[in-house]
Amino acid sequence: MEDGIKALERGLHDRAADLFQESVTVDYSNGAGYYHLALVKLRTGEYGEVEGLLEKAEMLLENRPEWTERLEELRREFHQHRPD
């Protein structure tokens with residue numbers, strides 16, 4: 001996760017996506033991994049995967065109030081950018 005966040009911060013979207021994908025493959029209950037993977041997909045315009053990833057993140061992080069605002073912001077951003 002840390003390496004994925006660093007790659008994302010540096011604008012290395014493909015590398016970040018690979019690392020976040022690996023994190024959710026290793027631990028399918030990693031809500032933060034799904035959130036970050038959705039974020040990368042949104043940033044790279046891969047809208048088809050964002051909603052499913054975001055739903056998974058929301059389900060896994062629903063009892064963690066520190067994630068509520070971040071998830072809501074990402075969902076709003078997704079709705080603003082996705083093609084109709």
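**Figure 1. Relative direction of helices α2 and α3.** In this predicted model, α2 and α3 are roughly antiparallel to each other, because the angle between them, about 150 degrees, lies over the limit of 145 degrees for that description. Helix α2 comprises residues 13-26 and helix α3 comprises residues 31-43. The axes of the two helices are 9 Å apart where they pack. In passing α3, helix α2 makes a left-handed crossing.

**Figure 2. Residues at the contact of α2 with α3.** From α2, the residues H13, A16, A17, F20, Q21, S23 and V24 take part in the contact. Their counterparts in α3 are G33, Y34, H36, L37, V40 and R43. Sorted by class, the residues of this contact are 7 nonpolar, 5 polar and 1 charged.

**Figure 3. The helices in the setting of the whole protein.** The protein contains 5 helices and 0 strands. Read from the N terminus, its elements follow the order α-α-α-α-α.

**Figure 4. Overall dimensions and burial.** The C-alpha trace of the protein spans about 30 × 30 × 20 Å along its principal axes. The radius of gyration is 12 Å, which agrees with the value near 12 Å that a compact globule of 84 residues would have. Of the 84 residues, 38% count as buried. Among contacts between residues at least 6 apart in sequence, 47% join residues at least 24 apart.

Note on methods: Residues numbered from 1 in each chain as written. Predicted model: local features only at pLDDT ≥ 70, side-chain atom pairs only at ≥ 80, totals over all residues. Heavy atoms only, no water. Axes fitted to C-alpha atoms, helices over the stretch in contact; angles between N-to-C directions. Helix = DSSP H or I, 4+ residues; strand = E, 2+ residues; numbered from the N terminus. Parallel < 35°, antiparallel > 145°, perpendicular 65-115°, else oblique. Left-handed = near helix turned anticlockwise from the far one by under 90°. Contact = heavy atoms within 4.5 Å. Nonpolar A, V, L, I, M, F, W, Y, C, P; charged D, E, K, R; others polar. Rg over C-alpha atoms; globule rule 2.2 N^0.38 Å. Buried < 20%, exposed > 50% of the residue type's maximum accessible area, 1.4 Å probe, protein only.
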